Protein chains: 2
Amino acid sequence: MENKFKQIGNWMAEQEIGFTFLTSTDNIFYFSGFYSDPHERLLALILFPQDEPILICPAMEKNDAKNAGWKYEIIGYSDIENPWDAIQKKVAAKGQKITKAAVEKDHMNVSRYEALRSSFPSLKLFTSAEEKINRLRMIKTEKELSIIREACKWADYAIEVGCSEIAEGKTEMQILAAVEYELKKKGIAKMSFSTMVLTGKNGASPHGNPGDTPIQKGDFVLFDLGVVVDGYCSDITRTVAYGEVNEKQKEIYDTVLNAQLAAISASKPGAACSSIDLAARNTIRDAGYGEYFPHRLGHGLGLSVHEFPSLTETNSLKLQEGMVFTIEPGIYVPDIAGVRIEDDVYVAKDGVEILTNFPKDLHIIK
Amino acid sequence: MENKFKQIGNWMAEQEIGFTFLTSTDNIFYFSGFYSDPHERLLALILFPQDEPILICPAMEKNDAKNAGWKYEIIGYSDIENPWDAIQKKVAAKGQKITKAAVEKDHMNVSRYEALRSSFPSLKLFTSAEEKINRLRMIKTEKELSIIREACKWADYAIEVGCSEIAEGKTEMQILAAVEYELKKKGIAKMSFSTMVLTGKNGASPHGNPGDTPIQKGDFVLFDLGVVVDGYCSDITRTVAYGEVNEKQKEIYDTVLNAQLAAISASKPGAACSSIDLAARNTIRDAGYGEYFPHRLGHGLGLSVHEFPSLTETNSLKLQEGMVFTIEPGIYVPDIAGVRIEDDVYVAKDGVEILTNFPKDLHIIK
């Protein structure tokens with residue numbers, strides 16, 4: 001933890017930033033080790049170039065923060081107290097006149113931005129805290145990687161359970177329920193996002209919702225799910241077939257698989273994100289399905305299920321050792337079929353290590 | 001739906017607001033009937049005093065929006081397109097020079113606020129869209145109420161399942177898994193928030209996390225959970241005992257129950273939120289546990305599990321017919337016990353109707 005504080009402290013000193021004001025659960029957990037989703041209540045962490053940080057949380061969570069290992073100052077406030085006065089006083093007591101602050105521009109809401117500006121009238125410049133923190137979080141430590149590995153093993157297991165539950169007439173929700181039950185019984189408290197089990201035509205929407213559609217012979221069943229372990233997410237997609245597939249379905253499946261494998265082969269330190277996306281996208285275009293792959297190839301993965309960077313055909317950022325991201329091309333032909341195949345990968349010295357390992361050959365469940 | 005558009009349109013006309021720019025999933029669903037959680041991608045709805053509204057969503061969700069019944073314009077954008085140019089052009093085509101806009105100040109992030117300001121340099125004033133929308137959403141229609149009633153029935157059922165699962169040595173997560181499995185098998189896709197099952201000392205933290213603590217004789221088991229039906233949330237808490245209770249536990253339980261009943265009795269149209277909170281708070285103070293009730297009495301409930309208004313000892317807002325909110329006093333004595341009892345209530349003509357009906361007498365499971 002100390003190393004993170006030092007890195008962001010150095011950045012603040014270089015950039016002449018008086019403090020960094022963090023508001024998102026994930027970034028606060030990253031720096032403090034304290035995980036809290038305070039809903040509409042204010043949770044914040046103020047980092048300084050030199051001074052010790054200050055945590056702001058509901059008074060009723062102060063003990064939880066201490067139990068999570070937080071050793072520095074905490075400003076607690078009740079549901080009828082306004083925390084901004086206390087924040088202003090504590091920061092003013094540091095004795096620095098601050099003109100520039102970093103905030104999470106992609107997270108902090110306008111109300112808090114206005115409250116911060118009112119509390120610190122000397123503040124003239126606001127810079128994006130994500131610019132630095134996204135790049136810190138992008139490179140995983142050994143410890144983070146080992147947690148993500150475990151989250152990925154659970155994701156593989158979840159797909160295994162899902163496949164074993166497939167049977168004629170079972171609904172998407174019944175299968176989803178069985179998958180989550182198996183995980184929760186084993187102590188998995190949280191999924192990375194709402195689990196998706198989509199059958200037949202429902203799978204042809206990249207963001208469909210599971211419901212009471214029963215499985216029929218000839219359907220694809222698409223699973224997209226992830227598991228949270230110690231705050232870190234996994235994210236896997238597998239598409240399997242029930243009973244039989246026709247030639248068109250097989251062609252679509254093979255195209256997605258080839259695209260996914262092409263992107264994996266293209267991934268190594270120094271390769272641009274765009275080149276990874278295009279390795280998959282061109283495979284799909286060449287097969288004539290370009291218009292049916294409407295999303296980016298993938299996204300960074302860690303404390304957030306979607307984090308920096310975004311793997312698009314226009315992102316020139318180069319891969320670096322230590323990154324973890326998803327590779328998830330898909331083809332969605334309305335009323336015909338939807339197929340997506342997604343792995344989580346870790347960028348090692350010479351290429352990528354695949355962290356999700358459930359088989360990807362077309363699996364026809366009889 | 002048309003009535004909502006008219007009400008906010010009239011408000012915009014009165015306030016000379018050129019457009020209202022919505023960004024939260026719940027408010028967009030409230031006005032459009034389209035439910036989407038786009039993660040970091042932009043989802044927005046622009047409402048005008050007179051003109052037809054415009055929805056902005058990822059291109060791959062356009063069909064989902066239409067299928068959800070959206071009949072007006074949609075701006076779709078891909079992962080490599082910046083939607084702000086298209087937004088600027090579409091709004092400019094309306095031909096009005098706009099100087100004042102309403103935004104969700106409690107939701108819109110700084111990046112989008114800056115993008116909006118850059119796209120519309122004529123905008124000088126930003127007002128809170130929540131000021132109006134919170135009050136619209138606060139009063140439930142018959143249709144909304146009937147959905148919330150159903151969500152509350154499922155919440156009662158979930159507590160029933162939870163109680164039936166309690167047995168010596170079972171862990172919090174095992175019980176939680178069984179509860180959610182029963183609901184999901186029956187088609188419930190989403191809980192209102194992370195389900196809580198807390199036993200013994202864990203229940204003494206108002207925001208504890210379920211884990212592998214096994215149930216022992218003499219423990220309280222606290223359930224806090226909710227179910228989403230057609231977008232609307234329920235939220236219930238029950239605390240039951242396993243095996244036996246001592247005098248202190250019984251005293252704490254009775255105090256919370258008396259406080260909860262006092263708050264229910266005090267609830268009727270015209271009563272201030274503060275008076276409802278204080279009816280419970282004074283009961284707890286009088287019993288000597290005032291310092292162990294560290295949170296507000298409750299919160300509005302609807303599309304969001306926590307919504308306007310907040311029931312605190314300082315909120316002078318008066319109850320009106322049609323409101324739905326929670327009444328959830330608690331006492332948390334560290335290392336001794338935590339008890340919370342929560343119902344969802346609807347404000348009717350002469351008092352409140354209780355929507356969650358699982359029994360509240362101290363239930364000792366043998």
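Domain bounds here come from an automatic or database domain assignment. Keep that in mind for the exercises below, and remember that you are looking at a predicted model.

**Exercise 1. Into which domains is chain A divided, and how far apart are their centres?**

Step 1: Start with the bounds. Chain A splits into domain 1, residues 2-137, and domain 2, residues 139-365.

Step 2: Now go for the distance. Taken over C-alpha atoms, the centres of domain 1 and domain 2 of chain A are 35 Å apart.

Step 3: Look at where the two meet. Six residues of domain 1 of chain A are in contact with six residues of domain 2 of chain A. On the domain 1 side, helix H2 (25-32) and helix H6 (130-138) of chain A are the elements that give two or more residues. H2(A) gives the most, with three residues.

Step 4: Sort that side by class. The side of domain 1 of chain A that touches domain 2 of chain A has three nonpolar, one polar and two charged residues.

**Exercise 2. Does the radius of gyration of chain A agree or disagree with that of a compact globule?**

Step 1: For 366 residues, a compact globule would have a radius of gyration near 21 Å.

Step 2: Compare. Chain A has 23 Å, which agrees.

Step 3: The C-alpha trace of chain A spans about 70 × 40 × 35 Å along its principal axes. Chain A holds 10 helices and 19 strands, and buried residues make up 48% of its 366 residues.

**Exercise 3. Which helix of chain B gives the largest share of the side that touches chain A?**

Step 1: Size up the interface. 44 residues of chain B are in contact with 44 residues of chain A.

Step 2: On the chain B side, the elements giving two or more residues are helix H3 (62-67), helix H5 (110-119) and helix H8 (172-185).

Step 3: H8(B) supplies the largest share, eight residues.

**Exercise 4. Is Ile74(B) buried, exposed or partly exposed?**

Step 1: Ile74(B) sits in strand E4 (residues 73-77) of chain B.

Step 2: Recall the cut-offs. A residue is buried with 20 or more other C-beta atoms within 10 Å of its own, exposed with 12 or fewer, and partly exposed in between.

Step 3: Apply them. Ile74(B) has 18 C-beta neighbours inside 10 Å, so it counts as partly exposed.

Step 4: Meet the neighbours. Leaving out residues up to four places away in sequence, Ile74(B) touches Leu55(B), Cys57(B), Lys62(B) and Ala65(B).

**Exercise 5. Which residues touch the most other members of the largest nonpolar core?**

Step 1: Find them. In this core of 207 residues, they are Ala151(A) and Ala151(B).

Step 2: Zoom in on one copy. Among the residues that Ala151(B) touches are Val227(B), Val228(B), Val229(B) and Tyr232(B).

How values were computed
Residues numbered from 1 in each chain as written. Chains lettered and ligands numbered in written order. Predicted model: local features only at pLDDT ≥ 70, side-chain atom pairs only at ≥ 80, totals over all residues. Helix = DSSP H or I, 4+ residues; strand = E, 2+ residues; numbered from the N terminus. Rg over C-alpha atoms; globule rule 2.2 N^0.38 Å. Contact = placed C-beta atoms within 7 Å. Nonpolar A, V, L, I, M, F, W, Y, C, P; charged D, E, K, R; others polar. Core = buried A, V, L, I, M, F, W, Y, C linked by C-beta atoms within 7 Å.
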